[in-house]
Amino acid sequence: MESVGSGLAAIDWHDDRADVYLSRPDKRNAMTVPLMDDLITAFERVDADEDIRAATLLGEGPVFCAGMDLEMMRDRVEPDAEIDRNKFPEVLETIEETRQPVVAGIKRAAPAGAFELTLPCDFRIIGRNAKYGLLEVQLGTFPHAGGTQRLPRLVGLSKAKEIVLTGEFVDPEEAADIGLAHEVVDTDDVDERAKAFADDLCENAPLGLRNAKKALNAALETPLEQGLAYERQLAYEIDDTHDYREGFEARLEGREPEFRGE
């Protein structure tokens, strides 16, 4: 596993999958500015690697992430505090804009900021006993790194209000029922299932995955007519490619396609 930056994030590279880890297990992977810097660097490296078709976001050790480091959050209101309030939104935007689909593995805990960290991921695999919720209203603030904006797009406004305004944990089975989580598995299986899910994605055409993700991410923010035009534009970009021809030829010949990302 390759450490990134200050060593608070790491990447485990595989043939066509990259596993990005929060690597602060002694602090339950609680996020600090250096850890966030490392996550940005990690996902920029993943995005730039043409051989990688899908990625996971995992927590090293027994817990996915305890959220923001509480001492950092307390101290950031001090007059001499030097905390970049744009850093966490930058992390989330970097994950969201990563060209490969990203699968989050949520084991044991993902409260508050950790919950928000999972929202820009494309898929979420959650453990049966995970503590998963937006607790900020119980801490004197409210989720403001995308929790009030990304969450309604995933689960609808009414359910998002319930999750945000009560500050209660979301039961993992309910998270799956409302489309917030994609699968619920035993806690000990979370990381491996997230990797297997990403491996399944890797079997598909990388250019198709990339452009489909772009189109889907634009869907809820774009008027229908404009979105349809953007969808067609993205499709035209890959019409005259090896993978387009290979996909149809393989289906006609009854064999598995050999996609090359070109």
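A salt bridge is defined here as a side-chain nitrogen of Lys or Arg within 4 Å of a carboxyl oxygen of Asp or Glu. The model is predicted, so local features need pLDDT of at least 70 and side-chain atom pairs count only at pLDDT 80 or more, whereas totals for chains, interfaces and linings use all residues. Residues are numbered from 1 along each chain as its sequence is written, and side-chain values use heavy atoms, with hydrogens and water left out.

The structure contains 21 salt bridges. One of them joins the side chains of R17 and D199, at 2.9 Å from N to O. This pair links distant parts of the chain. R17 lies in strand β3 (residues 17-22), D199 lies in helix α8 (residues 190-202), and 182 residues separate them. Helices (H or I, at least four residues) and strands (E, at least two) are DSSP runs, numbered from the N terminus. R17 has a relative accessible area of 7% and is buried. Buried means under 20% relative accessible area, exposed means over 50%, and partly exposed lies in between (1.4 Å probe, protein chains only). D199 is partly exposed, at 32% relative accessibility. A network of salt bridges links R17, D19 and D199.

A salt bridge also forms between the side chains of R99 and E50, with an N to O distance of 3.8 Å. Distant parts of the chain are again linked. R99 sits in the loop between α3 (87-97) and β5 (102-106), and E50 in the loop between α1 (33-48) and β4 (54-59). The two residues are 49 residues apart. R99 is buried at 17% relative accessibility, whereas E50 is exposed at 62%. In a further salt bridge, R260 meets E262 at 2.9 Å, N to O. E262 is partly exposed, with 45% relative accessibility.

Helix packing was examined for α9 (residues 206-219) and α10 (residues 224-237). Their axes are 10 Å apart, at an angle of about 175°. Axes are lines fitted to C-alpha atoms, for helices over the stretch in contact, and angles run from 0 to 180 degrees between N-to-C directions. The two helices, α9 and α10, are therefore roughly antiparallel, a term for angles over 145 degrees. N211, K214, A215 and A218 of α9 make the contact with Y230, L234 and E237 of α10. Contact requires heavy atoms within 4.5 Å. By class, the contact of α9 with α10 comprises four nonpolar, one polar and two charged residues. Ala, Val, Leu, Ile, Met, Phe, Trp, Tyr, Cys and Pro count as nonpolar, Asp, Glu, Lys and Arg as charged, and the others, Gly among them, as polar.

Methods:
Parallel < 35°, antiparallel > 145°, perpendicular 65-115°, else oblique.
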